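Me: I have a model open and would like to learn how to read its features. Could you walk me through them?

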Amino acid sequence: MSMETKHPPAHGQGSAAGAGYEQRDANIPDLLKFGFWMAVVIIVTLVSMKWTFNFFERTQTVTSPATPFARPRELPPSPRLQAEPHFELKEYCEQQQREVNSYGWIDPRLKVVRIPISQAMDLVLKNGLPVRASGPTGAAAVEVPPPMSAGGDDLQGPCAYLAPASGNASGDQAPEK
């Protein structure tokens with residue numbers, strides 16, 4: 001029995017290979033019903049859209065378009081985007097470099113001063129670092145590996161492009177003499 005028609009195949013027509021094409025016509029009444037309801041949905045949508053646009057036209061007032069010369073430019077509320085981020089970053093990094101490489105007061109009341117990094121490193125080499133009397137022993141003696149950056153040793157933060165280049169541009173080692 002055929003699943004499509006629920007009628008047994010006629011003798012001679014129901015071979016195993018089949019006819020190779022649809023043996024019955026399309027259902028015209030079902031196609032007409034589909035077309036009718038599709039048209040009803042489209043018409044209802046168009047009428048509701050027209051009603052919605054008319055409603056908005058009645059309830060919302062439209063002002064004249066703003067001209068750029070009507071009033072001076074007002075800054076938007078914060079947070080504001082940076083107008084020139086590269087210039088601001090360069091200015092910030094230069095200010096940081098000036099602080100790192102100059103003398104100045106951190107807290108005059110406590111007599112805490114800031115000295116250049118190279119001067120501080122020379123003082124540490126000359127005077128040394130404070131040392132504990134004895135290191136921890138047993139379970140407390142844990143060896144901590146040095147910190148590693150994800151991108152390698154060449155990462156210097158946002159101001160790295162301001163640092164003077166060390167070595168040649170290709171990153172190769174300088175030839176030994």
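Predicted model: local features only at pLDDT ≥ 70, side-chain atom pairs only at ≥ 80, totals over all residues.

Reply: Happy to. Residues are numbered from 1 along each chain as its sequence is written, and side-chain values use heavy atoms, with hydrogens and water left out.

Me: How many helices and strands does the protein chain have?

Reply: The protein chain has three helices and two strands, and their order along the sequence is α-α-β-β-α.

Me: What share of the residues counts as buried?

Reply: Buried means under 20% relative accessible area, exposed means over 50%, and partly exposed lies in between (1.4 Å probe, protein chains only). Here 2% of the 177 residues of the protein chain count as buried.

Me: Which residues form the nonpolar patch on the surface?

Reply: Patches are made of residues with over 30% relative accessible area and no salt bridge; like charges are joined within 9 Å, and nonpolar side chains (Val, Leu, Ile, Met, Phe, Trp, Tyr) within 5 Å. A salt bridge is a side-chain nitrogen of Lys or Arg within 4 Å of a carboxyl oxygen of Asp or Glu. Accessible areas come from the Shrake-Rupley method with a 1.4 Å probe, and for residues only the protein chains shown count as cover. In this model the nonpolar patch consists of Phe34, Met38, Ile42 and Leu46, with about 420 Å² of accessible area together. Phe34 sits in helix α1 (residues 28-59) and is exposed, because its relative accessible area is 55%.

Me: And which residues gather in the patch of negative charge?

Reply: Lys and Arg count as positive and Asp and Glu as negative; His and the chain ends are not counted. The place of a charge is NZ of Lys, CZ of Arg, CG of Asp or CD of Glu. The negative patch on the surface brings together Glu84, Glu88, Glu91 and Glu94. Glu84 belongs to the loop between α1 and α2, and its relative accessibility is 48%, so Glu84 counts as partly exposed.

Me: What should I look for in the backbone?

Reply: Most residues other than glycine have a negative phi, and most peptide bonds are trans. In this model, the peptide bond from Ser78 to Pro79 is cis, with omega near 5°. Pro79 is in the loop between α1 and α2. Lys111, in the loop between β1 (104-107) and β2 (112-114), has a positive phi, near 60°.

Key: Helix = DSSP H or I, 4+ residues; strand = E, 2+ residues; numbered from the N terminus.
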